[in-house]
Amino acid sequence: MMTKHPLTGRHQVAMITVDDLVPSDHLVRQIDQAISFAFIYPIVEPTYSSLGRLSIDPVVLVKFVLLQYLFGIRSMRQTIKEVDTNMAYRWFLGFDFTEKVPHFSTFGKNYARRFRETTLFEDLFSHILEQAVKAGFITEDNLYMDSTHVKANANKHRFNKELTRTEAKSYQKELEKEINDQRIQAGKKPFTWDGEEEVKEKKISRTDPESGYYVKSERERQFAYAAHTVCEDHGFVLECKVTPGNIHDSQVATSLLDKVRRTFPKAKVVAADAGYKTPAIAHYLVEKQLRPVLPYTRPRGKKAFFRKKDFVYDEYYDCYLCPADQILTFSTITREGYREYKSSPEVCKQCPLLAQCTQSQSCQKVITRHVWQEDLDIAEELRFTKTNKTIYQRRKETIERVFADAKEKHGLRWTKYRSLEKVTVHTMLTFAAMNLKKLATWIAKGTTPFFFFLLIFIKKRQIGCFFLKVKEIQPICLQSETSQFY
């Protein structure tokens, strides 16, 4: 039997509170129980005057922003509209039924005039992360590093071509010293780099000059920003650095890891994709005693020719042996940090494998080896261990999932802001909201950190010394897998 529902409920009068309308398991309730926002007051207090009319509570302004990023609302204007009708949002802000919601431009003005020169948003990110550490949800042993591109608010067809100086790599001075040390040892004259700067032609956006023109294989070419990010085993974002989209991952990795290790000095493992598999990063990780977890990379070069792996390196005599058992002797070290090994043209001319070896008109084969190749070889050797395989498989559950959630649920696929500063704030707030969401839901569900279970296990088994030796287990396992690393 068909029923028609009456519309008289629209005019019902009832005695009810805002608190009664918010479900007990709503995310805003979980966040309110998980964290106190009182820490904001001392941060912004110097930006307020003791005279004049009363301002809007700065905590309310921050909560407005969090609502936007927590629930993936596309703009502050839309967030204001949602607060007008959503009782859960009004409850979170502390508004009653009739309290007027501030105009959407209020936050923009406060950011431009008051919050812009403060560390408010960085402190917000750090405070949320600190609460996760105190709750025992952060495991700093394994770090997962990667980057994702955020489409810039710029027309990809409107640009100027300009000659710009390339930024110096963070490891450049160390590399230059290593090159000169090895050149002196080999009886060569050391290089001088004073005043040398590489200049390249780049596309500069007319709309957002601070963005970078992003080009990668079959993907769409566009102006973008890159969010270089580090997270841990549970997917909590530990650090993020935003750069123009044309900055390669390897140029940011070492400075980003240095920043993470200042806060989490007990990190032991760094897992990253093939973009980070460079001699410089491998050298950094081995030098800092961080276990490199890097993937297999396909060999480069033409398929019909011998690959570099077909040439055997003899460490004792410092030479290469070709598939025809001929010797490629050391020749020189280039400015880029590569040792060159060359064959004898007279011998190669008589070789039956010459057509598979080189197309050089002088019939000379040249093999290059980076001055930090030994560290890259260690990373390659560790790749075959069970530990590395297990950790690398977790990337899809950690850093890749962080990026997927950020883009699908929190609006990080593209940005409506322009300039590096604003996009950095936008990205940091996105990751802060994701950390807060995870922290609040885990606390609400009563999730217990792993080490609590471990302590209970220790008490039951009466092996109190076991917990003290947990930290010693991993280095011992690594030594058994590869004696060269530690």
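Which elements cover the buried residues of helix H1 (27-34)?

**View 1. Helix H1 and its cover in the predicted model.** The cover of the buried residues of H1 includes helix H3 (58-70), helix H5 (87-93) and H16. Because six of its eight residues are buried, H1 is largely enclosed by the rest of the structure. These buried residues are Leu27, Val28, Arg29, Gln30, Ile31 and Ala34. Buried denotes under 20% relative accessible area, exposed over 50%, and partly exposed the range in between (1.4 Å probe, protein chains only). Helices (H or I, at least four residues) are DSSP runs numbered from the N terminus.

**View 2. The largest nonpolar core.** Of the 98 residues in this core, Ile31, Phe37, Ile40, Phe64, Leu143, Met145 and Phe431 touch the most other members. Helix H16 (residues 420-445) supplies the largest share, eleven residues. Phe37 is in contact (heavy atoms within 4.5 Å) with Ile31, Val59, Lys63, Leu66, Phe92 and Leu436, its neighbours within four places in sequence being left aside. A nonpolar core is a set of buried Ala, Val, Leu, Ile, Met, Phe, Trp, Tyr and Cys residues joined through side-chain atoms within 4.5 Å.

**View 3. Ile443 in helix H16.** Ile443 belongs to helix H16 and is partly exposed, with a relative accessible area of 38%. Residues up to four places away in sequence not being counted, Ile443 touches Ala34 and Phe137. From Arg291, Ile443 is 152 residues apart in sequence and 32 Å apart in space, C-alpha to C-alpha.

**View 4. A nonpolar surface patch.** Ile16, Leu21 and Phe97 make a patch of about 250 Å². Leu21, in the segment before helix H1, is partly exposed, its relative accessible area being 39%. Patch residues have over 30% relative accessible area and no salt bridge, and nonpolar side chains (Val, Leu, Ile, Met, Phe, Trp, Tyr) are joined within 5 Å. A salt bridge is a side-chain nitrogen of Lys or Arg within 4 Å of a carboxyl oxygen of Asp or Glu.

**View 5. Confidence along the chain.** The protein chain has a mean pLDDT (the predictor's confidence in each residue, from 0 to 100) of 86, and 91% of its residues reach 70 or more. Over residues 450-480 the pLDDT is below 50, and this stretch has 21 contacts in the model beyond near neighbours in sequence. Where pLDDT is low, the predicted coordinates should not be read in detail.

**Notes.** Residues are numbered from 1 along each chain as its sequence is written, and side-chain values use heavy atoms, without hydrogens and water. In this predicted model, local features need pLDDT of at least 70 and side-chain atom pairs count only at pLDDT 80 or more, whereas totals for chains, interfaces and linings use all residues.

Methods: Patch = residues over 30% accessible without salt bridge, like charges linked within 9 Å, V, L, I, M, F, W, Y side chains within 5 Å. Areas by Shrake-Rupley, 256 points an atom, 1.4 Å probe, with all protein chains shown as cover. Helix = DSSP H or I, 4+ residues; strand = E, 2+ residues; numbered from the N terminus.
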